[in-house]
Amino acid sequence: KLGNVTAKAELGRAAWKVLHTTFARFPEKPTDDEKEALRSFVHLFQRLYPCGECAEHFGKVLAKYPPQVSSRSAAATWGCYVHNIVNKRLGKPEFNCENIGDAYDCGCGDDEPKSKD
Ligand code: FAD
């Protein structure tokens, strides 16, 4: 059981970072296989998420708002939307989803120019 509040928050920040960055790097025009991969990833992420109450709640969110996998912007906007549902439940401020793509562009994709070091 992940009872420690600090550990739970740290895990959450890391988890959201991975999720949003994954959506921001998802192909603009995914193949059916890539769409299925993202859908599975999100559902397995929820299933295996190591905070039980978080996983349980997020399962209900996914049932109501299934992952949007048709494009990068659909995935990123959906990710921002469901994170806001969690924010609301925890009494946190709503995040502006308008520039969500830029907010999580890690510059670490295969289509980025290689760094010299
Ligand atoms: P976080 O919510 O962790 O966000 C990190 C950063 O992301 C923010 O500082 C901001 O820059 C940015 N951000 C904020 N909102 C958005 C958005 N909508 N879209 C994109 N970026 C955004 N904790 C619980 O106590 N109970 C739960 O039930 C619970 N369920 C969770 C379910 C999931 C799937 C995940 C990944 C985490 C869950 N957490 C839960 C953890 C919780 O969401 C936070 O991660 C944690 O409380 C730390 O919050 P924070 O204020 O540092 O910012």
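Helix axes here are lines fitted to C-alpha atoms over the stretch in contact, and angles run from 0 to 180 degrees between N-to-C directions. Helices are DSSP runs (H or I, at least four residues), numbered from the N terminus.

Before you start clicking: this is a predicted model, where local features need pLDDT of at least 70, side-chain atom pairs count only at pLDDT 80 or more, and totals for chains, interfaces and linings use all residues. Residues are numbered from 1 along each chain as its sequence is written.

**First stop: two packed helices.** Select residues 32–48, helix α2, together with α3. Now show side chains: Val 42, His 43, Gln 46 and Arg 47 of α2 meet Ala 55, Phe 58, Gly 59 and Leu 62 of α3 (contact means C-beta atoms, placed from the backbone, within 7 Å). That contact has four nonpolar, three polar and one charged residue (Ala, Val, Leu, Ile, Met, Phe, Trp, Tyr, Cys and Pro count as nonpolar, Asp, Glu, Lys and Arg as charged, the others, Gly among them, as polar).

**Next stop: the ligand.** Of the 20 residues around the ligand, Gly 12, Ala 15, Cys 54, His 83 and Phe 95 come nearest (a residue counts if its C-beta atom, placed from the backbone, lies within 6 Å). Colour α1 (5–25), α3 (52–64) and α4 (72–89), the elements that each give two or more residues to this shell. The largest share, seven residues, comes from α1. By type, the shell holds 10 nonpolar, six polar and four charged residues.

**Last stop: Arg 13.** Stay on α1 and pick Arg 13. Arg 13 is exposed, with 10 other C-beta atoms within 10 Å (exposed means 12 or fewer, with C-beta atoms placed from the backbone). Finally, draw a line between the C-alpha atoms of Arg 13 and Glu 36: the separation is 25 Å, for residues 23 apart along the chain.

Technical notes
Contact = placed C-beta atoms within 7 Å. Buried ≥ 20, exposed ≤ 12 C-beta atoms within 10 Å, placed from the backbone.
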